[in-house]
Every structure is written in structure tokens, then in C-alpha cells.
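Visitor: I am new to this structure. Please take me through the terms used for it, and show how each one is reached.

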Amino acid sequence: MKDAKKASLLAKGGFDSAIQNLDNLNDTSYKDSTLVMQLLRDNLTLWNGESTMDDVGDDTIGFAVGGAKDVTTFRECIEQNIMPKASAIKVEGLFYEYYFDTKKISKPNGNDQSGEGQSNDDEKKAPNDNNGNDCGNDLFYPSYCCGVTRNINYSKKATNTEDEMEYYITTGLNSNIKAKDLKRKHLNLIVVLDKSGSMSCEFPDNNGNYVSKMDIAKKALKGLLNLLTDKDRIGIITFDERSQIKQNLKLLSAININELKRNIDKINAGGGTYLSQAFIKGKDMFVDNDGKVKDVYKDIEYSNRIMFITDACPNMGDIHDKDLLNISQTCADIGIYSTFIGAGVDFNTDLEVQLLILKEEIIMV
């Protein structure tokens with residue numbers, strides 16, 4: 001058709017229609033159909049880039065809780081015969097693997113006796129909250145979605161229809177904010193890159209090829225540079241048993257990006273892991289001798305952040321989770337926040353749990 005948007009809408013329409021007819025299938029057909037539908041959903045996600053199925057035809061944003069977005073690290077540890085930490089699997093991550101479409105669901109009006117609350121896609125209705133109030137001008141409003149699925153039980157025969165079904169309900173927080181109107185703040189960003197010996201360890205990528213954590217980390221850093229704007233500032237620190245400033249904190253427009261990428265490619269892994277020293281060095285780039293944020297970094301149009309690319313396995317200096325947590329707390333108190341990009345399946349998820357208390361970001365690669 002040479003019309004990607006129309007193709008996506010048609011595919012999503014087929015997916016939604018199939019969901020409504022699942023309950024009419026026998027167990028064998030139900031299992032086969034859900035596998036096909038999962039493939040269709042995965043393809044829709046791929047076709048629409050970073051968007052998901054509920055973004056198709058809808059340019060407003062929603063709200064999601066923090067925490068883990070999957071339990072991939074836990075599963076990959078099992079597949080590689082590595083004992084995962086208990087903190088690698090979380091309730092939030094497990095729930096995020098289930099799909100509920102709440103974007104177009106609203107409270108049924110008084111004439112709707114079906115209880116389904118599904119608005120007609122062909123009509124331009126203002127969203128309603130769970131009390132039936134018009135939310136057309138609200139910043140955020142709640143929505144809900146009900147789901148029923150057949151409980152496939154191969155061990156015994158269900159005795160009645162009620163035992164054969166499972167029921168779900170989820171709530172969502174949708175908004176009237178257009179994605180195109182949402183602008184992020186400019187960044188004063190310091191990237192702290194782990195180049196210790198443990199970063200030379202290899203693991204299989206999605207294609208089954210073995211790559212080192214160092215190679216993945218450098219690739220992620222160079223990809224990050226492509227996403228910044230000329231008004232963003234970036235500085236880079238590398239660390240093993242000592243920390244070294246590779247790039248002073250400057251506006252992107254004042255940096256030779258191609259030369260910087262070549263210097264990144266020259267970084268090799270080796271040595272100990274003095275994470276706490278690198279953390280403090282990153283903080284010191286933001287503050288003056290009195291420990292206060294420098295005036296140049298107080299602009300309200302900017303966000304101050306330290307981003308770590310590491311496996312978070314320190315073996316020198318302050319190596320305990322509580323020590324790193326204290327440094328992170330000190331930074332947060334003066335408006336310097338942290339993002340940890342975890343490299344490898346052996347990323348220290350215990351540290352992740354502690355940092356999430358401070359609402360810091362954790363991303364796994």
C-alpha cells in the first residue's frame with residue numbers, strides 16, 4: 001500500500017477484533033491464535049519504531065509508574081547458567097510484559113448497560129473519568145480496561161465455565177498532552193564510563209555473537225552523542241582504579257564530535273573499579289569550592305545529570321551499596337540526578353534497588 005500509517009491502523013484493527021473473538025475458540029485454537037497475535041503485536045511495535053500499539057493513531061501521552069520494565073536480566077542469567085540475584089526479578093517488571101490498552105477506554109454513559117466502556121473509534125468523544133465527568137480539558141485523567149482470557153489447564157479438566165476463565169482489570173492514567181508539545185529540558189550531562197577489567201567480559205548479543213561490555217558501552221555512548229542538541233552540554237569521565245576527565249563539560253556546539261567519537265573508540269578495559277571516586281569527580285564538575293552548584297549550571301531550562309555506563313561491580317573505595325547511595329543522595333539534594341545504564345547480565349541489581357528509592361533512573365543494555 002506504500003502507506004505505513006494506514007497499514008499499522010489496519011493491523012491494529014485486526015488485532016483488536018481478534019481479541020474479542022478469542023473466548024469462542026477451543027484450547028488448541030486459542031493457543032495457536034495467541035501466538036500469531038503476539039507476533040502481530042511485535043511487528044506493530046517494530047513498524048512504529050519506539051512507539052507501541054496504543055500509540056497508533058493517538059499522539060497524546062500517558063503516565064507510567066517507575067521501576068523495572070521487564071525481567072529480561074533474570075531470564076538471561078538463567079539461560080547463561082548464571083545465578084541471578086533475587087533483586088533481578090520484580091513484580092513491576094513481570095506485569096510490564098502484559099499488554100492492556102487503556103488509551104481509548106472511558107467510563108460508559110448512563111445509557112450504556114454493557115459495562116464495557118469502549119468508545120467508538122469513529123466518533124470524536126471527549127474522554128471521561130471513572131465518574132463520567134468530561135475530561136477534555138484535564139491535564140491527566142484515569143481510565144480502565146477489563147480483560148477476560150481462557151485459562152488453559154492441561155493437568156485437569158475444568159468442572160464448569162467459571163473455572164475456565166481468568167479475569168483482569170487494569171487502570172491507566174492518560175492525558176490530553178500532545179507528544180509534539182512535550183519538550184525535554186536541555187541537559188548539563190556528565191557521562192561516567194566504566195573501563196575496568198570486568199567490562200572486558202563478553203556475552204551474546206541478540207544475534208548470538210559475543211561482544212564485550214566495553215564495546216556495548218562505547219556504542220551506547222556514541223549513540224547518545226547523536227541524540228543531543230547544540231544547546232546541551234556534555235562531559236565525559238572514564239574510570240578504573242582512577243578517574244580521568246576525557247571531555248570537559250561544554251556545549252555540544254563547541255565540541256568536535258567526530259574527534260570525540262574517535263577518542264571513545266580508543267578506550268580499552270582494564271584495572272580495578274573505583275566507582276565512588278568517579279561519582280565524586282562527576283559531582284565536582286558541577287560544584288564550586290563550597291559544594292554549591294556553579295551559577296552557569298543553575299539555569300531552570302537545564303537539567304543537571306550524571307549518567308553512568310557500568311556493570312556496577314566496584315572493588316575499590318566505597319564499595320557498599322549504602323556508600324554509593326549516600327553520594328547519590330548528596331547529589332540529589334543539590335539538584336544533580338543520576339542515571340545508571342547497566343552493562344551485562346551481571347549488573348549489580350542490588351544497587352539498582354537502593355537507587356530507585358531516590359527516584360534515580362536505571363536502564364539495562
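Guide: F286 is buried, and Y297 is buried too. The model is a predicted one.

Visitor: What makes F286 and Y297 an aromatic pair?

Guide: The ring centres of F286 and Y297 are 5.6 Å apart, and rings count as a pair if their centres lie within 6.5 Å. The planes of these two rings stand at 80 degrees, and an angle over 60 counts as edge-to-face. The pair of F286 and Y297 is therefore edge-to-face.

Visitor: Where in the chain do F286 and Y297 lie?

Guide: F286 and Y297 both lie in the loop between α7 and β9 (302–310), 11 residues apart.

Visitor: How many aromatic pairs does the structure hold?

Guide: The structure holds 4 aromatic pairs. One of them is formed by F279 and F340.

Visitor: Why is the pair of F279 and F340 called edge-to-face?

Guide: The centres of the F279 and F340 rings are 6.3 Å apart, and the limit for a pair is 6.5 Å. Their planes meet at 65 degrees, and the class edge-to-face takes angles over 60.

Visitor: How do you know whether F279 and F340 are buried or exposed?

Guide: Buried means under 20% relative accessible area. F279 has 1% relative accessibility, so F279 counts as buried. F340 has 2%, so F340 counts as buried as well. F279 and F340 also belong to a cluster with F308, linked by ring pairs.

Visitor: How much of the protein chain counts as buried?

Guide: Of its 365 residues, 38% count as buried. The chain has 9 helices and 11 strands.

Visitor: Why is α5 called roughly antiparallel to α6?

Guide: The axes of helix α5 (residues 213–227) and helix α6 (residues 257–265) cross at roughly 170 degrees and come within 10 Å. Angles over 145 count as roughly antiparallel, so α5 is roughly antiparallel to α6.

Visitor: Which residues make the contact of α5 with α6?

Guide: On α5 they are K218, L221, K222, L225 and N226. On α6 they are I257, L260, K261, I264 and D265. By class, the contact has 5 nonpolar, 1 polar and 4 charged residues.

Key: Residues numbered from 1 in each chain as written. Predicted model: local features only at pLDDT ≥ 70, side-chain atom pairs only at ≥ 80, totals over all residues. Heavy atoms only, no water. Helix = DSSP H or I, 4+ residues; strand = E, 2+ residues; numbered from the N terminus. Buried < 20%, exposed > 50% of the residue type's maximum accessible area, 1.4 Å probe, protein only. Axes fitted to C-alpha atoms, helices over the stretch in contact; angles between N-to-C directions. Parallel < 35°, antiparallel > 145°, perpendicular 65-115°, else oblique. Contact = heavy atoms within 4.5 Å. Nonpolar A, V, L, I, M, F, W, Y, C, P; charged D, E, K, R; others polar. Phe/Tyr/Trp six-rings, centres within 6.5 Å; stacked < 30°, edge-to-face > 60°.
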